[in-house]
Amino acid sequence: MKRILIAATIAVLFTGCHRNKYDYDASGTFEATEIIVSSEATGRLEWFDIEEGDLLSAGQQVGLVDTVQLHLNKLQLQANRQSVGSRTLDISRQIAATRQQIATQERERERTQRLIAADAANTKQLDDIDSDIEVLKKQLSAQQESIQSSNRSISGEAEGVEAQIASVEDRIFRSRISSPIEGTVLVKYAEQGEYTTTGMPLFKIADIQNMILRAYVTAPQLTQLKIGQQVTVYSDFGDKASRQYTGTITWISDQAEFTPKTIQTKDERANLVYAVKISVPNDGYIKIGMYGDIKFNLQ
């Protein structure tokens with residue numbers, strides 16, 4: 001009897017430390033959202049301050065492509081803008097003389113009318129003044145139209161310069177190298193001082209704090225799963241040990257595919273399986289490419 005109890009105890013301990021080959025519902029590999037950040041400018045890398053393994057925040061600037069020529073171009077355009085703006089005509093000042101002539105002629109008209117009333121002048125003088133006023137008014141209208149047309153042309157030229165300045169500023173902004181997401185640098189492709197071109201890869205970054213386990217389930221298992229469902233995830237930890245996590249199903253494929261050679265399913269005879277993605281918070285022990293197993297939390 002004593003030997004039987006010892007044997008039973010050993011069996012229980014062995015079961016607790018080792019998961020049976022089919023002590024899970026599905027398996028897969030861990031992935032992460034990886035992004036290759038490329039240069040958006042051409043020139044020498046003035047500075048590039050990252051190393052593989054660095055944790056970067058979203059939007060953090062880590063490098064800069066040479067912007068000296070762009071800055072000089074911007075200064076030239078700003079000078080052009082100032083020059084164009086100085087050519088804008090002040091309509092009120094340009095037509096002030098003509099307005100003054102009209103006002104003088106109108107006063108002369110009033111004086112002549114009074115003289116005619118006193119029989120000290122003839123109506124021809126009044127007609128000549130009226131004619132002069134009409135001519136001056138037409139000249140005033142022509143001047144205003146000419147000045148407005150000139151100003152519109154200058155304004156259009158100024159807008160073109162402003163657009164060029166905005167384009168240069170955008171190129172200067174794109175010379176900054178920033179991290180698009182919060183994550184860890186996986187690979188560094190360039191070094192400070194190297195010459196880079198538009199589209200050249202600079203570094204690869206991944207969000208390894210939130211891992212994705214891509215697993216495969218059979219059609220019968222698919223009916224037990226839904227988006228947002230929590231499952232238990234096991235990751236390898238040593239030769240015969242594992243770590244347990246709580247994961248959330250975030251995506252379920254709507255098309256079946258043949259079982260990948262590197263994936264085992266509970267029913268190894270199943271040829272067609274469905275891919276699912278499970279979001280798993282990473283405590284630092286999960287690595288990209290590691291295998292993971294899943295147990296459905298069915299009630």
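Q: Is Arg174 buried, partly exposed or exposed, and what is its relative accessibility?
A: Buried means under 20% relative accessible area, exposed means over 50%, and partly exposed is in between (1.4 Å probe, protein chains only). At 36% relative accessibility, Arg174 counts as partly exposed. A quick word on the source: this is a predicted model, where local features need pLDDT of at least 70 and side-chain atom pairs count only at pLDDT 80 or more, while totals for chains, interfaces and linings use all residues. Residues are numbered from 1 along each chain as its sequence is written, and side-chain values use heavy atoms, with hydrogens and water left out.

Q: Which residue forms a salt bridge with Arg174?
A: Side chains of opposite charge can pair when their charged atoms come close. A salt bridge here is a side-chain nitrogen of Lys or Arg within 4 Å of a carboxyl oxygen of Asp or Glu. Asp170 is a partner of Arg174, with their closest N and O atoms 2.9 Å apart. Asp170 is partly exposed too, at 34% relative accessibility.

Q: How many residues apart are Asp170 and Arg174 in helix α5?
A: Helices are DSSP runs (H or I, at least four residues), numbered from the N terminus. Asp170 and Arg174 sit four residues apart in helix α5 (residues 123–174), so about one helical turn separates them.

Q: What about Lys188 and Glu191?
A: Their side chains meet in a salt bridge, 3.2 Å from N to O. Lys188 counts as buried, at 13% relative accessibility, whereas Glu191 is partly exposed at 40%. Elsewhere, salt bridges that share partners join Glu40, Asp170 and Arg174 into one network.

Technical notes: Helices (H or I, at least four residues) and strands (E, at least two) are DSSP runs, numbered from the N terminus.
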